[in-house]
Amino acid sequence: MEFSTHTQDHVMIVTVEAERIDASVAIAFKDKMREQMGGNAAQYVLDLHKVMFIDSSGLGSIVAAMKLVPQGGKMDLAGLTPAVDKVFRMTRMDSIFTIHGSAQDALAKSA
Amino acid sequence: MTAGSGANDTLAFQYVLRSTPEAVRETLTSLREQLEVSDFHTCPGDMWEVVIAEVLNNIVEHAYKERPDGEIQLDVNFQTAVLKAHFVDCGSAMPHGALPEGKSANVDVDIQDMPEGGFGWYLIRTLSDELTYERRGRENHLSLEMPIQVVGG
C-alpha cells in the first residue's frame with residue numbers, strides 16, 4: 001500500500017498509489033493513514049484517482065481514516081473513478097464526505 | 001486454476017482458491033485480466049467485481065472465520081446481459097441457515113459512530129437479481145445473478 005503526499009496551502013494531498021483498496025490491504029491502509037495524520041496539516045484530501053476498485057472493507061478503512069483526523073480538521077475525497085464512486089453512493093457514504101472532481105479542484109476551493 | 005471457455009455469447013471461468021484475502025484479490029485480478037483479453041468488455045462502472053468480492057470476503061471472514069486453509073470453488077459465467085456466479089465452501093453454515101438481511105448502514109450518526117463495516121450484504125442484495133443459499137451436507141452453496149452491461153463484443 002503506497003501513498004504519495006504533497007502539501008500546498010496547509011492542505012495535504014494524499015494520493016493512493018494503488019489500483020485496489022480491498023480486504024487484503026484494509027488494515028495496512030488504515031495504519032498508513034495514521035502515519036500521515038501525524039503531521040501539522042489539519043486539512044487532508046485523499047486522492048483516489050488511481051483506485052479502480054474498492055470493496056466494503058476498503059470503504060470501511062477510509063471511514064476509519066476519517067475518524068483519525070485531529071479535532072478541527074477535515075478529510076475530503078477527490079478523483080473517484082466510476083466503480084469507486086458507485087460504492088460510495090450506494091452506501092450513502094457520499095453524504096459524509098466532501099467529494100471533489102480532482103485534487104486540483106479541492107485545492108482551488110480551499111484557497 | 002482457471003478454465004475460460006468461450007461459446008459465442010458466454011464466457012465461463014472456474015476457480016478453486018484458498019480462504020485468504022490475498023487469494024480473493026488474485027482471483028478477481030485474474031478474472032479481470034481474462035475479461036480484458038476476451039471479447040467481453042464490461043462497462044467501467046459495472047459492479048460485478050464488488051459483488052463477487054463481497055461474497056468471497058464473507059466466506060473468508062465468516063464461513064472459514066479467517067482460517068487460511070479453507071477451499072472455495074467459484075464458477076462465473078458472463079453472458080451478454082447477465083452474470084451468473086456459484087460459490088461452494090466447506091465452512092460454517094450461515095447463521096439460522098439463511099443469508100443476512102443486508103440492511104443499509106445508518107450514516108445519520110456522529111462521525112465517531114460512523115459504521116466501518118456491514119456494507120457487504122447490502123451491496124450484494126442491492127446489486128443482485130437472484131440470490132439463493134443452500135446448505136448441502138457440509139457445503140455452503142450460494143448462487144447469484146446480476147445484470148451486467150457488455151460493450152463491444
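**Exercise 1. Work out how helix 1 of chain A and helix 2 of chain A are oriented to each other.**

Step 1: Find the two helices in this predicted model. Helix 1 of chain A covers residues 26-36 and helix 2 of chain A covers residues 56-67; helices here are DSSP runs (H or I, at least four residues), numbered from the N terminus.

Step 2: Get the geometry. Their axes come within 9 Å and cross at roughly 20° (axes are lines fitted to C-alpha atoms over the stretch in contact, and angles run from 0 to 180 degrees between N-to-C directions).

Step 3: Classify. Helix 1 of chain A and helix 2 of chain A are therefore roughly parallel; angles under 35 degrees count as roughly parallel, over 145 as roughly antiparallel, 65 to 115 as roughly perpendicular, and the rest as oblique.

Step 4: List who touches whom. Helix 1 of chain A brings Ala26(A), Phe29(A), Lys30(A) and Met33(A), while helix 2 of chain A brings Ser57(A), Gly58(A), Gly60(A), Ser61(A), Ala64(A) and Ala65(A) (contact: C-beta atoms, placed from the backbone, within 7 Å).

A note on bookkeeping: residues are numbered from 1 along each chain as its sequence is written, and chains are lettered from A and ligands numbered from 1 in the order in which they are written. Being a predicted model, it needs pLDDT of at least 70 for local features and 80 or more for side-chain atom pairs, while totals for chains, interfaces and linings use all residues.

**Exercise 2. Now do the orientation of helix 1 of chain B and helix 2 of chain B.**

Step 1: Helix 1 of chain B (residues 21-37) packs on helix 2 of chain B at about 155°, with the axes 10 Å apart.

Step 2: So this pair is roughly antiparallel.

Step 3: On one side sit Pro21(B), Val24(B), Leu28(B) and Arg32(B) of helix 1 of chain B; they meet Glu49(B), Ile52(B), Ala53(B), Leu56(B), Asn57(B) and Val60(B) of helix 2 of chain B.

**Exercise 3. Find which residues touch the most other members of the largest nonpolar core.**

Step 1: The core has 69 residues, and the picks are Leu46(A), Val51(B) and Ile52(B). A nonpolar core joins buried Ala, Val, Leu, Ile, Met, Phe, Trp, Tyr and Cys residues through C-beta atoms within 7 Å; buried takes 20 or more other C-beta atoms within 10 Å of the residue's own, exposed 12 or fewer, partly exposed in between.

Step 2: Helix 2 of chain B (residues 48-63) gives the most to this core, 10 residues.

Step 3: Skipping neighbours within four places in sequence, Leu46(A) contacts Val14(A), Val16(A), Ile62(A), Met75(A) and Leu77(A).

Notes:
Contact = placed C-beta atoms within 7 Å.
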